Amino acid sequence: VQLQASGGGLVQAGDSLTLSCSVAGRTFSSHVMGWFRQAPGKEREFVAAIRWGSASTTYADSVKGRSTISRDRPENTVYLQMNSLKPEDTATYYCVKANSLSRSERDYYNWGQGTQVTVSS
């Protein structure tokens, strides 16, 4: 399975942005697609994840209530809608795959190129 994130850009604080993750290859209901982000000089951190089959989700506290992860199975795409963006949301966002609904980076694989999100104040 190959994952490609897109949709990043430069926005202002308070704006909304939706990231997309194109999923190529065979997927199973048990698969989990997640979003991580990494800001310059900081460790990579979990953002949100969704199980491909049941659409069960989990969010980081930092984005909970402001973000929604969803998936479109026919389109093989995962979305991350982010609202009320803050400058601290500035980071490169990665779409990755796991076999469990985990928040731990070590459970995820198929890391690819991310998409840059920059939020100006």
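Predicted model: local features only at pLDDT ≥ 70, side-chain atom pairs only at ≥ 80, totals over all residues.

User: How many aromatic pairs does a search of the whole structure find?
Analyst: The search turns up 4. Rings of Phe, Tyr and Trp (its six-membered ring) pair if their centres lie within 6.5 Å; planes under 30 degrees apart are stacked, over 60 edge-to-face, and the rest tilted. Phe36 and Phe46 have ring centres 5.5 Å apart and planes at 75°, so that pair is edge-to-face.

User: Where do Phe36 and Phe46 lie?
Analyst: Phe36 is in strand β4 (residues 32–38) and Phe46 in strand β5 (residues 45–51), so the pair ties together parts 10 residues apart in sequence. Helices (H or I, at least four residues) and strands (E, at least two) are DSSP runs, numbered from the N terminus.

User: Are Phe36 and Phe46 buried or exposed?
Analyst: Both Phe36 and Phe46 are buried. Buried means under 20% relative accessible area, exposed over 50%, and partly exposed in between (1.4 Å probe, protein chains only).

User: What about Phe36 and Tyr108?
Analyst: Their ring centres are 4.9 Å apart with planes at 70°, so this pair is edge-to-face. It links distant parts of the chain, with Tyr108 in strand β10 (residues 108–109), 72 residues from Phe36.

User: Which residues do ring pairs link into a cluster?
Analyst: The cluster holds Phe36, Phe46, Tyr94, Tyr108 and Trp111.

User: Switching topic: where is Arg37 found?
Analyst: Arg37 is in strand β4, and at 5% relative accessibility it counts as buried. Its side chain makes polar contacts with the side chains of Glu45 (2.6 Å) and Asp89 (2.9 Å). A polar contact is a pair of N or O atoms within 3.5 Å; within protein, one must be able to donate a hydrogen and the other to accept it, and residues adjacent in sequence count only if both atoms are side-chain atoms.

User: Last one: which residues does the disulfide join?
Analyst: Cys21 is joined to Cys95, S to S 1.9 Å; a disulfide is a pair of cysteine sulfur atoms within 2.5 Å. The link is left-handed, with -80° about the S-S bond. Cys21 and Cys95 are both buried.

Conventions. Residues numbered from 1 in each chain as written. Heavy atoms only, no water.
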